[in-house]
Amino acid sequence: MRSEPRPLPAIRLERDGGALRAVLSGDWTLRLLQPDLGTLRRQLDQIEADCIWDLDGVSRLDSFGALLLWRCWGRRCPPGLVLPDRLDSVFARLSGLGEGGLPVEPGYRFLDGTEGVGRLFFKMLRNVVGFVALVGQLVIDFFHLLHARGHWPVLETSANFYKVGVRAMPVTALVGFLIGVVLSYLSALQLRAFGADVFIVNILGLGIIRELGPVLVAVLVAGRSGSAMTAQIGVMRVTEEIDALAAMGISPYVRLVLPKVVALTLAMAPLTLWGSAVALFGGMVSANLQLDLSFDYFLNALPRAVPAANLVIGLSKGAVFGLLIALVACYFGLRVKPNTESLSANTTASVVTSITVVILVDAVFAIATRSIGLPR
Amino acid sequence: MSDQPVQVRGLETRFGQTWVHRGIDLAVPAGEVVALVGGSGSGKTTLLRQMVGLLRPTAGEVSLFGEPLFAGSRAEQLDRRRRFGMLFQHGALFSALNVFANVAFPLREIGITDEAMLQDLVRLKLAMVELEADVALRMPAELSGGMVKRVALARALALEPELLLLDEPTAGLDPDRSSGFVRLIRALHQALGLTVVLVTHDLDTLAALASRVAVLAEGRILAFGPLDEIMNVQDPFIERFFHSDRALAALARGRGIG
């Protein structure tokens, strides 16, 4: 059974003695008006103000159609309007609407920019305070846990370790290997020009172990695990799971934040070691192909070129980066408000902040360790 | 328009090994308020979701406005979809948009870009669901449960639908709010001449709103008709569902909502 097509809306102008009549017919509904709205509106606008409107032939009228006419009439029923009773209620609703409009969001003023800068400053200040509060809460919970041995979130920590450490190994290896190859290739081109081929070991060893390895892995982990942590805690905020935990008397800090922080701190040192090792391997392969430097020579020269202190510096950097990434991720996760916009904004903020923090802290490390582990 | 906005023929649904529907035939007459009732897990909401094409039945067919739901070109299907509005159980407001943008969203989608017209339309829809104009700039997260439902109803009405589908319209509302919402839906039904299909397990709502009741049990429609007829059907499920003391009290309460 196919439905009959509905009569299209139309306007017919009639000259009735001296007065002009606008006779409307068809369905004045959104569905039928919308396809040809522009033409109809132009037609309506051209009709003179003193004309008599006849709506007797209108088969259906919804509030969209009524509003269209209402606006054309200047928000009142025109004199001499012919309106069948069945359409009365639609216009009654419109006249009940009255004047006035919806509240409008204020537009952009010149001073808003200044205000925005101020707001940004205070927001940053609030973030710093909130971050310190989170760290403080964690320390308090940590000392509390020292007394309550049974409540250690061991299982959660282990699960998180697997998720952020073990599962991150393939991507770390891939990126590390490629960076190693590229770095080695580019350095080899320069070194060969000076006949200083053998110094490739020094460049790669010191550069990767001390600097590039930890930062590279930290950036990867911030993108991979930091965002995941923020999103996970954020969604748990949205679905009130965190409130449910708190209502059961379980501290969300102990059960959610602490395992993530501990796991990432513990996982980052071995992950850095793994990433640096693969990057060095990539560099070694590339050096072998480019400069004919044998693997034997490379491996033997490495300990001489790079004092062991550098490895300690590199791995401790990794652990500190892990701690910071997890703290930042959890902080922004807990700040999520129950809507999708806030979730995406906080996840972005989490990744951007943790990468910035990693690079800032790396600079601090560089200054603090400037006299340690460098060959003289 | 056909006289039966919703027709369901021989509909069967299976999830894994369990049959949810085993042959459902239902025709909703125009202008009626049809309530789908049944116990938990009887597939009421599933049937409603199949009516709007969110789920595809295993077998059988749903027709809206006399044409199969998935018949015709994309444009025809889209046109069919724009003729009904659906109110989801939890409102399903777009949480990133404020109330004004939520209600204006479907209107903007169909190409109404005149801001002044949009303002008037949204104001009208908000007035229809008895909300003050000053909620327009609030975000969904800042609304109470009852207000979320009202805004969602305003959004469902934005495209002037001929058919309105309501999934548990009064679930999660306190008794006062829920009778207010029932009154609102009934007033809109009378004013706009809508056809309404609702899913509910709330017998107050059922008695207050429904002009016909379809009872779903054991994967089929046990009975379909006005509430008084349904009450007289001899069936153990209907006996349990409608004739317990609690049920009779709820039905009496619902009839009292005026």
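Q: What share of the contacts in chain A with a separation of 6 or more comes from residues 24 or more positions apart?
A: This is a predicted model, in which local features need pLDDT of at least 70, side-chain atom pairs count only at pLDDT 80 or more, and totals for chains, interfaces and linings use all residues. Residues are numbered from 1 along each chain as its sequence is written, while chains are lettered from A and ligands numbered from 1 in the order in which they are written. Two residues are in contact if their C-beta atoms, placed from the backbone, lie within 7 Å. Of the chain A contacts with a separation of 6 or more, the share from residues 24 or more positions apart is 85%.

Q: What is the radius of gyration of chain A?
A: The radius is taken over C-alpha atoms, and the globule rule is 2.2 Å times the number of residues to the power 0.38. For a compact globule of 376 residues this would be near 21 Å. The C-alpha trace of chain A spans about 110 × 60 × 55 Å along its principal axes. Its radius of gyration is 35 Å.

Q: What distance separates the centres of the two domains of chain A?
A: Domain bounds come from an automatic or database domain assignment. Here they give domain 1 (10–97) and domain 2 (153–368). Taken over C-alpha atoms, their centres are separated by 68 Å.

Q: Is L47(B) buried or exposed?
A: A residue is buried if 20 or more other C-beta atoms (placed from the backbone) lie within 10 Å of its own, exposed if 12 or fewer, and partly exposed in between. Because L47(B) has 26 C-beta neighbours inside 10 Å, it counts as buried.

Q: Which residues does L47(B) contact, leaving aside neighbours within four places in sequence?
A: L47(B) belongs to helix α1 (residues 44–51) of chain B; helices (H or I, at least four residues) and strands (E, at least two) are DSSP runs, numbered from the N terminus. Its C-alpha atom is 9.2 Å from that of V199(B), 152 residues away along the chain. With those neighbours set aside, its contacts are H21(B), I24(B) and L36(B).

Q: Which strands stand at the edges of the sheet in chain B?
A: Strands pair if DSSP finds at least two bridges between them. The open, mixed sheet has six strands in the order β6-β7-β8-β3-β9-β10. Each edge strand has a single partner, so one side of it is left without a neighbour in the sheet; these strands are β6 (84–87) and β10 (220–225).
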